[in-house]
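Q: Hey, could you walk me through this one? I'd like to start with the ligand.
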Amino acid sequence: MNAKKQPVILNGLPVAESLKEPLFSSIEKLASRGIVPCLATILVGDDPSSATYVKMKGNACRRLGIDSKRITLDTSTSTAALIAVIEQLNNDPSIHGILLQHPVPPHIDERAAFEAISIDKDVDGVTMMGFAQNAFGAAPYPSCTPAAILAILDYYQLKVEGKHAVVIGRSPILGKPVSLMLLNRNATVTICHSKTENLSDIVRSGDIVVAAVGRAKFVKAGWIKPGAVILDAGYNAGNVGDVDYAECEPIAGAITPVPSGVGPVTIAALLKHTVEAAERLSMAR
Ligand code: NAP
């Protein structure tokens, strides 16, 4: 009798460790030159999920021996005032990476604020220049969640080349950059969004499915091709992903859990980029 093949659970924790491990010696070398990598995080407003993300990023920095500077701005902050803060950080030699937590309150021009971040300190690949570098496969700091998704595929030696990857979501920090990264790795990529017709049929044709929607348990079992690799970038209230894990796990060939899937690898990518930015900026000086 053929036993049913168990899906591979793509635990993000060992992937995150594999990204962080080489950073210790880099941090030591920088310390010997009197440099401590420092990530500045900017939180505008009081969204509790955003506050949690920023806190987690600061804690992760501390655990690794990286400094973090947390800037919290009032909800009523104007675009001009936010840009002025970013410019100060651009000009501060003790800061190596700048992370503006998305989303900002709706009255702020988020794109203008992202564009104010110096390309040398754009450790989350949010600027147009960072995005373009990523599109050409030449980004020193690709967006962290897309980088995390590729790191998971690589760590678990899952084939990308020639596969049909279906990405649900087209945000500039997640859906679009991860689609380009998969394309650069020779996947055939379909990008879906809120206006996509026959979404479930398209997802069912995917060998690799990336869920980046922001809706809890959105992807259902009937949408999944048996044996598909599922990467769930979603992180919704109650620690729930964008994929209905209980339904999809038995059908998938491999699947990221939520939590402990893409999230910790995203943070590890951010730490890696910050240390690398400190190395590059200190060489340039
Ligand atoms: P976003 O900016 O809100 O983008 C969501 C995307 O989903 C949009 O492109 C939207 O399409 C699409 N969408 C919405 N409803 C849809 C539907 N019914 N059918 C198909 N597509 C639909 O969100 P985001 O920043 O990319 O984040 C997506 C998810 O990832 C969220 O759960 C977020 O919390 C999570 N996230 C996780 C990490 C991590 O470290 N794990 C990091 C960042 C984000 P339109 O473009 O047509 O509106």
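Q: How far is an oxygen atom of the ligand from an N or O atom in the side chain of S194?
A: That distance is 2.5 Å in this predicted model.

Q: And what about the side chains of R170 and T266?
A: For R170, a ligand oxygen atom lies 2.7 Å from a side-chain N or O atom. For T266, the corresponding distance is 3.1 Å.

Q: How much of the ligand's accessible area does the protein cover?
A: On its own the ligand has 920 Å² of accessible area, and the protein covers 74% of that.

Q: Which residues come nearest to the ligand?
A: There are 25 residues around the ligand, and T145, R170, S171, S194 and A233 come nearest.

Q: What kinds of residues make up that shell, by class?
A: The shell has 11 nonpolar residues, 11 polar ones and three charged ones. Helix α11, residues 262–284, supplies the largest share, three residues.

Q: OK, new topic: the sheet with β2 in it. What's the strand order?
A: The order is β3-β2-β4, in an open sheet of three strands with parallel pairing.

Q: Why is one side of β3 and of β4 left without a neighbour?
A: β3 (67–73) and β4 (97–100) stand at the edges with a single partner strand each, so one side of each has no neighbour in the sheet. On average, neighbouring strands here are turned by 15° against each other, direction ignored.

Q: How many bridges join β2 to β3?
A: Seven bridges join them, and the two strands run parallel. As one example, L43 has T72 in β3 as its bridge partner.

Q: Which strands does helix α4 lie across?
A: Helix α4, residues 79–90, lies across β2, β3 and β4, and runs at about 175° to β2.

Definitions and conventions. Residues numbered from 1 in each chain as written. Predicted model: local features only at pLDDT ≥ 70, side-chain atom pairs only at ≥ 80, totals over all residues. Heavy atoms only, no water. Near = heavy atom within 4 Å. Polar contact = N/O pair within 3.5 Å; in protein donor to acceptor, adjacent residues only side chain to side chain. Areas by Shrake-Rupley, 256 points an atom, 1.4 Å probe, with all protein chains shown as cover. Helix = DSSP H or I, 4+ residues; strand = E, 2+ residues; numbered from the N terminus. Nonpolar A, V, L, I, M, F, W, Y, C, P; charged D, E, K, R; others polar. Pairing = 2+ DSSP bridges. Axes fitted to C-alpha atoms, helices over the stretch in contact; angles between N-to-C directions. Contact = heavy atoms within 4.5 Å.
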